[in-house]
Amino acid sequence: MGGYKAWHDIIHDHQVESFASENGLTADLVWELILKHGNSRKAVIRAAQGVLESAGVEFTPENGGGAGVRIRKP
């Protein structure tokens, strides 16, 4: 069965690529996060947020003006 992929694997690949695209990440990074943190959407989002925070991005809570992000001051 060389080269054969089950339909659910193909759908999963598409979902990962869509998730990555929607969130400004590469599919490779999302796969790495899934392998490290599991296949829960919430777990991958938390892990991606951690990667961005370690790179200097701050997530601001909704405080009347809506949630957002900004670059941390050096």
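Predicted model: local features only at pLDDT ≥ 70, side-chain atom pairs only at ≥ 80, totals over all residues.

A: The protein has 3 helices and 2 strands, and along the sequence they follow the pattern α-α-α-β-β.

V69 has a relative accessibility of 54% and counts as exposed, because the limit for that class is over 50%. Together with L52 and F59, V69 forms a nonpolar patch on the surface, and the accessible area of these residues together is about 240 Å².

E58 forms a salt bridge with R70, with the closest N and O atoms 2.9 Å apart. This pair links distant parts of the chain, since E58 belongs to strand 1 (residues 57-60) and R70 to strand 2, 12 residues apart. E58 is partly exposed, at a relative accessible area of 26%.

A salt bridge also joins the side chains of E58 and R72, at 4.0 Å from N to O. R72 lies in the segment after strand 2 and E58 in strand 1, so this pair ties together parts that are 14 residues apart in sequence. R72 is partly exposed, with 39% relative accessibility. The count of salt bridges comes to 2, and E58, R70 and R72 are linked in a network of them.

As for the protein as a whole, buried residues make up 19% of its 74 residues. Its accessible surface comes to about 5900 Å², and 56% of that surface belongs to carbon and sulfur atoms.

Definitions and conventions
Residues numbered from 1 in each chain as written. Heavy atoms only, no water. Patch = residues over 30% accessible without salt bridge, like charges linked within 9 Å, V, L, I, M, F, W, Y side chains within 5 Å. Areas by Shrake-Rupley, 256 points an atom, 1.4 Å probe, with all protein chains shown as cover. Buried < 20%, exposed > 50% of the residue type's maximum accessible area, 1.4 Å probe, protein only. Helix = DSSP H or I, 4+ residues; strand = E, 2+ residues; numbered from the N terminus.
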